[in-house]
2 protein chains.
Amino acid sequence: MAQRRPARVGDPVDAIETPALVVDLDPFERNLATMAQATQGIRLRPHAKSHKCPEIARMQMARGAVGICCQKTDEAAAFIAAGIRDVLVTNEVVAPAKIERLATLAREATVGVLVDALSCVPLLGSVAARASAVIDAYVEVDVGAGRCGVPPGPPALALVEAIAREPALRFRGLHAYHGPAQHLRAPAERRAAIASAARDARATRALIEGAGIACDIVTGAGTGTWQHERDSGVWNELQPGSYVFMDADYLRNVADAPELRFEPSLFVLAGVMSTPAPGRAIVDAGLKAFSFDSGLPQVHARRGSAGVEYVKASDEHGVLSVAATRAPLALGERLWLVPGHCDPTVNLYDYIVAVRDGTVAALWPVEARGALG
Amino acid sequence: MAQRRPARVGDPVDAIETPALVVDLDPFERNLATMAQATQGIRLRPHAKSHKCPEIARMQMARGAVGICCQKTDEAAAFIAAGIRDVLVTNEVVAPAKIERLATLAREATVGVLVDALSCVPLLGSVAARASAVIDAYVEVDVGAGRCGVPPGPPALALVEAIAREPALRFRGLHAYHGPAQHLRAPAERRAAIASAARDARATRALIEGAGIACDIVTGAGTGTWQHERDSGVWNELQPGSYVFMDADYLRNVADAPELRFEPSLFVLAGVMSTPAPGRAIVDAGLKAFSFDSGLPQVHARRGSAGVEYVKASDEHGVLSVAATRAPLALGERLWLVPGHCDPTVNLYDYIVAVRDGTVAALWPVEARGALG
């Protein structure tokens, strides 16, 4: 079911078939460099759920990342098959068939997984032992996200002690990730949320160490808050993912936020396929070309598209409003659109078209697209 | 990039790996039969953008459909490769590379496409002629949707006359589809929208026939309104797609709407992966497992899940609210979730798992998944 490639290496950008997922390599590489520079002295383990693309993971590793994060066992399998040798699944894995696969992967690479239930520990331990593998176990602590994880403090210690009793599990540390904080609008709100998370994570680590158990890693953070975790003195590993691409939602938070100094590098290149009335044009990219959970795509302003706004989507169409003060759009004209939310948008495409200086430089397979299991 | 199969034929339903896209064959086949019965005496050309699955298209053809609709050239290619011999692309195709492919397809199968711009007609005609193909051309009339299409009346006639001048194009009729009307909440609103669309389509057809040009087909309609088009005396071909599956959005409109007598047959089977606190459980299906443009997934009530509600999604997680009055959900427990919007949800999966009587009866590849071009 993999689809036709939307371009060939060496093609001019104008020859890319629309709609296509395009990465502009100059800002993309600046984003990689900025994060590598800003995280010197702390472990960077970028989240690969954003890009699902081994080529990008290799670029991150080459710039100093210690490994990558994934959310799904099947994502981990795709990256390990592509040669990445250190993968943390930042998620609970409870289905026996998935644990079996995870244990098999742990024989090829360093594989970590989260735990937030005592009842899961013996199964994880016994499957790993039977596979002659060692799985790194991290206790997920709910530091304010209200999703998975045990409460800070004693419940986390109880889990750590259960993990320590399993010879095929290696307790590595705490997973303390505050997802909703990434998207809070005000910088002060984000700072306060991570300050609170830091108190919870610090106290939990102290409790574990007080019980005589080493807690080597405290891992977490995302593109919206990573600087706060970095500077907290609690976290020693950071997991940002979206910084490589950015998206319209994160870009709305950029003002007054030095931690969001990244540039948009990911675009859906869309083509005008109908100009039915003054002030309205239709592009060939709709609900199957973007994820709309975080709002509409934004027309990229630096591409000569002032006065054009993406105002409505249906499955295969996007309706553009075109200001009367500008030239009308022509059939076949192309727009560079910044997705509202990068992660689930990338998941809609088989290829990322990497461009530089007006030319297609590479086609990167999105190997873990659709890796749901 | 195609993913691991989530089940094998003959597996019990409990062995399907989550998350998975599942079709319950009994209601699914009843939906097929209901529509086939209700459209006797009129051409049924179901929209395959909903299912993207040749296996389902073949079942529709076997029950009397005259052909299928697609929205994209690449979708048409997938269905024609699978043996479907009559495909209408219910969309404008303006990019030269896509027109080339369309013309090639038109040598293998009956292929139709929409036109809403005079400037496109000569290119479409010359490419078809060079390919020694004949492409069926339909004029798209905007009957109230405000998306693509020319206004009713003289602009449509001008297009018809341009098409008639191209030997490699065959004018087949009018495409008159009112998309937003499908989702209007009140039955009376839907009826009124289609009554207005019918006036526009009838007048335009009369104008064309008055000019001495045959207008054989008036095609359109969707799952929300098809009965009105069927009974209008104007349309003689219907294009519903979602009726095979239904979704939470269409199901909200079922009350007092005999035209929506279809049953939910499409589910995302999700697994509970964390039960972190009383009243909260987390499933393994989030923004990459459903499209959320039409709202949250609904927990299927007939599956013993009373008191459970899907309240929030992140990329790979769904947060469930669990009523205090019912038994808590257990790790590994499975829920059958009705997607908010079927079409873009199906587009996230490589396989549809078809089940009957608690057993996996078939795995259907979603061949046109990701067919954006």
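Figure 1. Helices and strands are DSSP runs numbered from the N terminus, with at least four residues (H or I) for a helix and at least two (E) for a strand, and two strands are said to pair if DSSP finds at least two bridges between them. Strand β1(B) and β10(B) pair in the antiparallel sense over 4 bridges, whereas the 3 bridges between β1(B) and strand β16 (residues 351-356) of chain B join strands that run parallel. Strand β1 (residues 20-24) of chain B is mostly covered, with 4 of its 5 residues buried; a residue is buried if 20 or more other C-beta atoms, placed from the backbone, lie within 10 Å of its own, exposed if 12 or fewer do, and partly exposed in between.

Residues are numbered from 1 along each chain as its sequence is written, and chains are lettered from A and ligands numbered from 1 in the order in which they are written. Because the model is predicted, local features need pLDDT of at least 70 and side-chain atom pairs count only at pLDDT 80 or more, while totals for chains, interfaces and linings use all residues.

Figure 2. Helix α1 (residues 25-38) of chain B has 14 residues and reaches 20 Å from its first C-alpha to its last, close to the 20 Å expected at 1.5 Å a residue, where the expected span is 1.5 Å times one less than the number of residues. Phe28(B), Asn31(B), Leu32(B) and Met35(B) are the buried residues of α1(B). They cover an arc of only 95 degrees around the axis, so they lie on the same side of α1(B), the arc being that of the directions from the helix axis to the C-beta atoms. On the other side of α1(B), Ala33(B) and Gln37(B) are exposed. Among the elements that cover the buried residues of α1(B) are β1, β2 (43-44) and α2 of chain B.

Figure 3. Ala78(B), in helix α3 of chain B, counts as buried because it has 26 C-beta neighbours inside 10 Å. Leaving aside neighbours within four places in sequence, Ala78(B) is in contact (C-beta atoms, placed from the backbone, within 7 Å) with Glu367(B), Ala368(B) and Ala371(B). The C-alpha atoms of Ala78(B) and Ala371(B) are separated by 8.3 Å, although these residues are 293 residues apart along the chain. After α3(B) comes Gly83(B), whose phi is positive, near 105 degrees.

**Figure 4. The open sheet of chain A.** In chain A, 8 strands form an open sheet with parallel pairing, in the order β2-β9-β8-β7-β6-β5-β4-β3. At the edges stand β2 (43-44) and β3 (68-70) of chain A, each with a single partner strand, so one side of each is left without a neighbour in the sheet. Strands β4 (residues 86-92) and β5 (residues 110-115) of chain A pair in the parallel sense over 5 bridges, and Leu114(A) in β5(A) is the bridge partner of Glu92(A).

Terms used:
Two residues are in contact if their C-beta atoms, placed from the backbone, lie within 7 Å.
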